[in-house]
Amino acid sequence: TFHLYKPRPLSLHIEVKKTSLFSTGIVLTVMAAYDVKILGYWSSPFVMRPRIALNLKNVDYEFVEQGYPKSELLLRSNPVHKKVPVMIHNDKPICESLIIVQYIDEAFTSGHSILPSDPYDRAIAQFWAVYVDDKWFSSLIGSLKAKPEEEKNTAIEGITTVLELLEEAFEKSSKGKEFFGEDAIGYLDIAFGSFLGFLKVADKVHDTEFLDETKVEMAISRGWLRLWVETDSEAASKAFTGGSVPWQLEARWTSCTAATQQLKITTIFREGNITADALAKVGTTLAANDRTVFEGKPDWIHKWEGPFQTFYRFQ
């Protein structure tokens, strides 16, 4: 999942001042032009929801990262629950992630509609979004907190059950298209997709893959003819592109390649994670509201994807 965040919009204020009888000074002041703010933690899946919705609507906003103790602005904006996310639009606070997404869809006409226009389809999307919060998130967090093996197994079974039900809901809601919202990212795509990072954490903790090896076959069953498979295992990439597929998967893989017009396999090297970790460590040394910009690859990062292709790109 890629989240694209626009640079902050700027307005230029030009002020002409008379500094003496014979000279005039021009003062240029660059100011951020916002009427939308999101209060939250960058890692929160609930906070991701309104941010994705605002990006889909092409709405510029200011993200106000919260810390501990909670800011006075957050406590004042959400005095009931005192939780993130909170969206402030024209100095008016809106709380609860799914309510904020619906508000964004109705308040901003730019971009495509996030909620279905049909009343029944809208009700179904809202039902499953609430189900994701009530069942999916509790099962996911429960699996990460569970200690006895029996509790872990129960939590993992709960995750699997929810995924199966959501898969059925996807088949009906997508109407054979790529998203719950059919041709474009919709309400339920945002509600469920914001948790996929937590799902990868659960994969690592339980040494499993909740979204497993049937991905390619599932895509083909939906009529997708051009597929791009991405893996962080170079050995797997070489095996499947070089004809060294494990014999247990050979028949299924042959069927997949025969059913597609294009099947591309690429590797994301783990050095990408190393770079993110290295940059994060540098970030922890910065003072509050400080910022460092690297024009090109920092000298202290030495790994790259290939001798002629730099993997690390900075603007």
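Is tyrosine 68 buried or exposed? Tyrosine 68 is exposed, with a relative accessible area of 72%. Here buried means under 20% relative accessible area, exposed means over 50%, and partly exposed lies in between (1.4 Å probe, protein chains only). The model is predicted: local features need pLDDT of at least 70, side-chain atom pairs count only at pLDDT 80 or more, and totals for chains, interfaces and linings use all residues. Residues are numbered from 1 along each chain as its sequence is written, and side-chain values use heavy atoms, with hydrogens and water left out.

Start with the aromatic pairs. Rings of Phe, Tyr and Trp (its six-membered ring) pair if their centres lie within 6.5 Å; planes under 30 degrees apart count as stacked, over 60 as edge-to-face and the rest as tilted. That rule gives eight aromatic pairs. Tyrosine 41 and tyrosine 68 form one of them: the ring centres are 5.6 Å apart and the planes stand at 15°, so this pair is stacked. Tyrosine 41 sits in the loop between β3 (36-40) and α1, and tyrosine 68 in the loop between β4 and α2 (72-77). Helices (H or I, at least four residues) and strands (E, at least two) are DSSP runs, numbered from the N terminus. Tyrosine 41 is buried, at 16% relative accessibility.

Now turn to helix α4. Tryptophan 128 and tyrosine 131 have ring centres 5.2 Å apart and planes at 80°, so the pair is edge-to-face. These two residues are three apart in helix α4, about one helical turn. Tryptophan 128 is buried, with a relative accessible area of 16%. Tyrosine 131 is buried as well, with 17%. Elsewhere, ring pairs join Phe46, Phe137 and Phe195 into a cluster.

Charges also meet rings. A charge sits over a ring if NZ of Lys or CZ of Arg is within 6 Å of the ring centre and within 35 degrees of the ring normal. Arginine 51 lies over the face of phenylalanine 63, 3.8 Å from the ring centre. The charged end of lysine 264 sits over the ring of tryptophan 228, at 4.4 Å from its centre.

Next come the salt bridges. A salt bridge needs a side-chain nitrogen of Lys or Arg within 4 Å of a carboxyl oxygen of Asp or Glu. The count comes to six salt bridges. Among them, lysine 57 meets aspartate 105 at 3.1 Å, N to O. Lysine 57 lies in the loop between α1 (45-56) and β4 (62-65) and aspartate 105 in helix α3 (residues 97-107), so the pair ties together parts 48 residues apart in sequence. Lysine 57 is buried, at 3% relative accessibility. Aspartate 105 also counts as buried, at 11%.

Glutamate 106 meets arginine 122 in a salt bridge of 4.0 Å, N to O. Arginine 122 belongs to helix α4 (residues 119-145) and glutamate 106 to helix α3, 16 residues apart. Arginine 122 is partly exposed at 25%, whereas glutamate 106 is exposed at 53%.

Aspartate 121 and lysine 175 form a salt bridge too, at 3.7 Å, N to O. Aspartate 121 is in helix α4, and lysine 175 is in the loop between α5 (149-174) and α6 (187-193), 54 residues apart. Aspartate 121 is partly exposed at 26%, and lysine 175 is partly exposed at 46%. Asp121, Lys175 and Glu182 are linked in a network of salt bridges.
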